[in-house]
Amino acid sequence: MTDTPEVLVIGGGSTGTGIVRDLAMRGMDATLVEQGNLTHGTTGRMHGLLHSGGRYAVTDQPSAKECIEENRVLREIASHCVEMTGGLFVKRPEDTEEYFEKKLQGCHDCGIPTEVLSNEEARQLEPYLAKDIDKAIRVPDGAIDPFRLCVANAASAEEHGARIETHSKVVDVLVEAGEVVGVEVEHASGQGKRVHGKTAQREKIYADYVVNATGAWAGRVGDMAGVDIEVRPSKGVMTIMNVRQVDTVINRCQPKGNADIIVPHETTAILGTTDEEVEDPEDYPEEEWEVDLMISELSKLVPMLKEARTIRSFWGVRPLYEPPGTGTTDPTDITRDFFLLDHDDRDDLPGMTSIVGGKFTTYRMMAEKITDHVCEKFGDTTECRTADVPLPGSEDFSVLRDYMDEFGLRSPIGRRSVQRLGSRADEVLKTEGPNPTVCECEGVTRAEVRDGIKQAGSDLNAVRIRTRASMGNCQGAFCCHRMANELAMEYPEPVAREALDELYQERWKGERHALWGEQLSQAMLKHLLHATTMNRDGDPVRTGTEVDFGAFDGGPAVGEDSTAERAAADGGRQDAD
């Protein structure tokens with residue numbers, strides 16, 4: 001690792017971390033910079049579907065074939081990030097038989113295994129499906145944890161010598177003598193693992209080659225370099241339910257439309273999505289009708305969603321790209337394929353390539369293609385190994401069973417810890433001290449939180465994406481402060497307080513779109529716990545006021561006369577009897 005790497009990758013999502021891992025495994029000196037946390041952009045704001053390809057089997061068969069190919073690869077190399085739930089394309093009475101047959105034939109053409117289920121067979125598999133559905137096509141869809149996957153790719157890259165810099169926003173692309181020679185970044189809080197409170201600083205990182213893997217932000221990076229990249233960002237909402245109403249991915253079997261998928265994910269179910277083109281990937285309306293649409297449309301497939309509790313909603317932006325001249329007006333018609341833009345060939349600007357479009361499921365394949373391209377520039381013929389070498393934590397999936405036996409992990413919490421950690425379970429869970437549960441909703445223990453802090457520094461949001469702590473039913477009501485307490489073991493109190501505030505606000509962003517019914521009560525409970533019981537809205541540390549300890553009574557007296565002076569239980573208004 002050097003300060004002047006051979007290759008600099010911009011973007012810490014699935015594609016960027018996949019590229020830097022591939023480069024490092026081929027022996028290239030590589031650095032990755034990301035403006036926020038890993039998964040800050042599109043990757044951290046998706047529904048977690050591991051595509052079988054069935055979704056594209058009618059309209060985009062090349063993409064469908066790539067999906068089923070990579071679906072099989074990721075099951076092998078990222079087993080601790082994948083849950084093979086299976087998927088159903090469900091036909092309602094108003095959906096056409098013609099499209100059902102097209103979907104079935106399309107899957108067959110693309111090599112996607114299928115099975116046609118009757119109403120009774122589909123409902124036996126998923127009892128909460130609507131009673132009036134006609135039938136369904138079963139495909140090998142799955143659920144995947146995008147946070148765990150990106151962290152594993154970044155960890156693998158570091159193990160092979162790469163430098164990973166999060167919270168380092170690119171503010172300029174350096175062009176000298178008509179060639180890209182690096183970038184200038186602004187570190188949010190100092191170089192290296194994030195440490196709160198340090199003065200922001202800028203750094204010029206020179207490199208022999210730059211890869212722009214920033215997805216929906218690719219156009220902005222292109223502008224800094226003086227080239228035009230016509231990315232067409234398209235927003236989509238995801239709504240999270242409090243439990244898994246289904247254990248199988250449920251798709252609506254119709255040509256296209258909003259609100260047509262339910263993905264079981266960890267302890268929740270995620271409903272998606274809309275598809276609305278926007279101008280700015282960071283500034284767009286988050287509209288109530290989109291959330292309402294998720295519930296109303298998808299309850300036609302699973303009626304109990306009408307009465308279920310919504311715990312939060314969030315929006316993501318697809319990095320869609322269409323070659324100039326196509327003229328598509330409907331974003332749902334834009335291909336989900338990916339494109340490699342060599343700016344030397346395209347814009348007469350050597351030193352940089354952008355990768356745009358594509359899908360999460362095919363991130364590794366995209367990374368392989370662009371790494372091949374970069375290596376060719378250097379005359380390096382080293383072959384890609386990322387399809388064969390497991391990611392950290394997935395080296396041997398059978399170790400999960402062994403660890404559960406070794407540690408006597410029969411409880412749900414123990415089993416979930418080992419499932420998350422995979423083959424790292426031994427390294428993380430073998431602690432000398434007590435290992436209490438920090439987050440009850442997601443079953444996250446102190447050992448996992450401390451491991452997250454060790455990897456991420458003082459950023460509790462980064463600890464969250466590594467462990468899932470604070471991402472369950474209570475949305476951090478009972479664990480945000482416990483996570484901060486663990487942080488305070490290693491960092492000064494102001495650092496822990498700032499990190500707690502950031503985590504709390506991150507959780508609130510999604511909750512504010514779900515304030516009705518039982519979730520409103522849950523949110524109020526959380527507010528009262530933090531604002532009143534913990535006094536966080538009037539904390540003397542923040543307000544700078546003195547605490548009047550004299551206003552408190554003396555508590556129960558000790559000794560022979562204790563009955564005469566015991567503390568009043570009425571707030572001190574009555575004399576002791």
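1. Strands here are DSSP runs of E, at least two residues long, numbered from the N terminus, and two of them pair if DSSP finds at least two bridges between them.

2. A word on the basis: this is a predicted model, where local features need pLDDT of at least 70 and side-chain atom pairs count only at pLDDT 80 or more, while totals for chains, interfaces and linings use all residues. Numbering starts from 1 along each chain as its sequence is written, and side-chain values use heavy atoms, with hydrogens and water left out.

3. Back to β3: 2 bridges link it to strand β8 (residues 142-144) in the antiparallel sense. Leu50 has Gly142 as its bridge partner in β8.

4. Next, β14 (residues 231-241) and β19: the two run antiparallel and are joined by 11 bridges. Lys235 has its partner in β19 at Val317. As for cover, 12 of the 12 residues of β19 (residues 310-321) are buried, meaning under 20% relative accessible area, against over 50% for exposed and in between for partly exposed (1.4 Å probe, protein chains only).

5. Last, Thr445, which sits in strand β23 (residues 444-445). Its relative accessible area is 6%, so Thr445 is buried. Leaving aside residues up to four places away in sequence, Thr445 touches Ile413, Ser417, Leu429, Asn435, Pro436, Thr437 and Val438 (contact means heavy atoms within 4.5 Å). Pro434 lies 11 residues from Thr445 along the chain, with 9.8 Å between their C-alpha atoms.

Methods:
Helix = DSSP H or I, 4+ residues; strand = E, 2+ residues; numbered from the N terminus.
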